[in-house]
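Please open the structure in your viewer and keep the selection panel at hand.

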Amino acid sequence: MITKCSLPSVVFNLSHAHFKTQNYNHPLRARAALPDPLSCRLHSCSDADSLVSFLIFALGKCSSASYCEAVHARVLKSASYGHGFIGDQLVSKYVAVGCEKHAEKLFDEIPEKDLVSWNSLISGFSRKGCLAKCLYAFRRMRNEAFMNPNEVTLVSVISSCADVKALDEGRSIHGLSERLGMLMEVKVVNSLVNMYGKCGKLGAACHLFEVMPVRSLVSWNSMIAVYAENESPMEGISCFTLMRRSGIQPDDATLVALLQACESVGSIRLLESIHCVICCRGFYRQMSIMTALSSLYAKTGRLDASHRVFLEIRNPDSIAWTAMLAGYAAHGYGSEAVTLFELMVKKGMMPDHVTFTHLLNACSHSGLVEEGKWYFRTMLELYGVEPTLDHYSCMVDLLGRSGFLEDAYELIKSMAMEPNSGVWGALLGACRIYRNDELGKEAAEHLINLDPSDARNYIVLSNIYSAVGLWKDASEMRALMKENFVARLPGCSYIEHGNKIHQFVVGDRSHPLSHMIYTKLTELIGKIRRAGLTPKTEFVLHDVDEESKEDMINEHCEKLAISFGILVTNPGRTLIIRKNLRICGDCHSFAKMISLIEKRTIIIRDPKRFHHFTDGICSCADYW
DNA sequence: CTAGGGTTAG
């Protein structure tokens, strides 16, 4: 006998008898027996226990709202909410698929709510990143039901605080955990360590880690990740050494955290040594590690190595494809990124919002205006990806950079959400290229409102004013900057050599080889002059850069780093340099000419992208 | 026997 379900599209496909004979606890069997829960038929079950077991199992297989409703309807018909905890399961599933209202309503209908019921609701909200709802449920639990949280409750709430960097709330849960004597629980402390790390409180995280009675593998992993996230990569690596000395075997999370630490150090040598560890210990089978590794090679300037690692991944998932795509995008290979995207879709991968962010970014940096517009239009229709602020930033950048300033502005005005600094920053960037003081002023005003302490916004606007001859406005911007006590971030370049990262600032004379570096620099500038390659103003951004004109352009840190690199490495070796601010127009020309004269490939990474200089041209084609 | 996320990849 077949019973109809309340929703027409949802029919189950297994008889109860069939279901019972199968060992449904075995994941492989279960998958084979129930390939697609949405298209299955449910025969009536004689006893409620098996029905509930089946429903719980089926619920875990699918994640759509209509499916939850179908199961819900079935529960109302022949079982109680308390039966096999089906009510709790439904609550967490409803939250997971985004039906918070259904979840809350159902939750209130559950007659005897125990701790697990509350935890289902709280952890559900936590996972969805709804800190407010999560905390609200947590307070209700304590104030209405007079229940004390257990370790699961605390971990959920603390993780939620970590996700949204809610330090104050996190601290108060920390205090509560202490009062309840829960700081003996490893899991609770681990999530606290993570929370403090995410909130930038390295000291608090370290202290907790040091005093915790028992440290698990996860504790060490969390601590390494916290170091890596808080600009203390070397400490993260020493932490790894200590972990090994305590006899703890690393797992995939350890390696991923270590790779992150490498990224902060910016050391390719270190990255290569960790690559060796990965190969030796057989970690190369783990997708998360390989994805992180591929991404790290790209971020440290070695797109070729990144691609090789990607090719080693057996069945790359959507995240791995996106990582590769992001690499191409950052290095300015727009059409390659587009090809890669089409290929991943052809392979059946489902692109998500991150994929589209990088794809649009790639289009923008390569001037693929039509392609970018098309993907932006179709991402919702074809892939169900709602545009976010990041996507709008990319599109404003794409339109603005290619000269359609008004279109970019119109797009901002058409947005349903409040534009953030990324969006206005993209517009301001375009205004500085095309020296549009009117729109630039509006963008900069928004930006200064959003973050008055960011020096770049004042400088860019001031430079735009200078460029169009509005000297008074320009000096007013400088004055405003002083008034707001904003300090300009000093430009800084890094280059790795001989097991060390060498750092240079403008006019730096602190390096032990300083004298030779300056001699080399003078020699290089002389060579450029003699070759008749005087920098022309062909570069649109010339003399409007983040570091002001007052700086001694000839002693900019990029030039020092390049001179040092040429001085200490063999002829023909590629130089890889990182910079904390965007490269200035003059240094960009300098790098191009040096790449030609010295026959060197120079790769410079700025906060926005990579520049590959070879034979006198840059991969960005002077198009930022 | 025991429902309910400790960390980690784009």
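Predicted model: local features only at pLDDT ≥ 70, side-chain atom pairs only at ≥ 80, totals over all residues.

Residues are numbered from 1 along each chain as its sequence is written, chains are lettered from A and ligands numbered from 1 in the order in which they are written, and side-chain values use heavy atoms, with hydrogens and water left out.

**Whole chain**

Of the 624 residues in chain A, 51% are buried. Here buried means under 20% relative accessible area, exposed means over 50%, and partly exposed lies in between (1.4 Å probe, protein chains only). With a surface display, the accessible area of chain A is about 29,300 Å², and 54% of it belongs to carbon and sulfur atoms; these areas come from the Shrake-Rupley method with a 1.4 Å probe, and for residues only the protein chains shown count as cover.

**Helix 5**

Select residues 86-96, which form helix 5; eight of its eleven residues are buried. Among them are Ile86, Leu90, Val91 and Tyr94. Just after this helix, glycine 98 has a positive phi of about 95°.

**Loop residue 165**

Proceed to lysine 165, in the loop between helix 9 (151-163) and helix 10 (167-179). Most residues other than glycine have a negative phi. Phi of lysine 165, however, is positive, near 55°. Lysine 165 counts as exposed, because its relative accessibility is 52%.

**Helices 24 and 25**

Now select residues 405-414 (helix 24) and 421-434 (helix 25), whose axes come within 11 Å and cross at roughly 165°. Helix 24 is therefore roughly antiparallel to helix 25. Axes are lines fitted to C-alpha atoms, for helices over the stretch in contact, and angles run from 0 to 180 degrees between N-to-C directions; angles over 145 degrees count as roughly antiparallel. Show side chains: Leu405, Ala408, Tyr409 and Ile412 of helix 24 meet residues of helix 25 including Trp424, Leu427 and Tyr434, where contact means heavy atoms within 4.5 Å.

**The loop to helix 26**

Select arginine 435 next, in the loop between helix 25 and helix 26. Its phi is also a positive value, near 50°, and arginine 435 is partly exposed at 33% relative accessible area.

**Helices 26 and 27**

Select residues 437-450 (helix 26) and 455-467 (helix 27), which pack at an angle of about 165° with their axes 10 Å apart. Helix 26 is thus roughly antiparallel to helix 27.

**Lysine 559**

Finally, select lysine 559 in helix 30 (residues 557-568). Is this lysine buried or exposed? Lysine 559 counts as buried, because its relative accessibility is 1%. Not counting residues up to four places away in sequence, lysine 559 touches Leu521, Ile553, Asn554, Asp586, Cys587 and Phe590.

Technical notes:
Helix = DSSP H or I, 4+ residues; strand = E, 2+ residues; numbered from the N terminus. Parallel < 35°, antiparallel > 145°, perpendicular 65-115°, else oblique.
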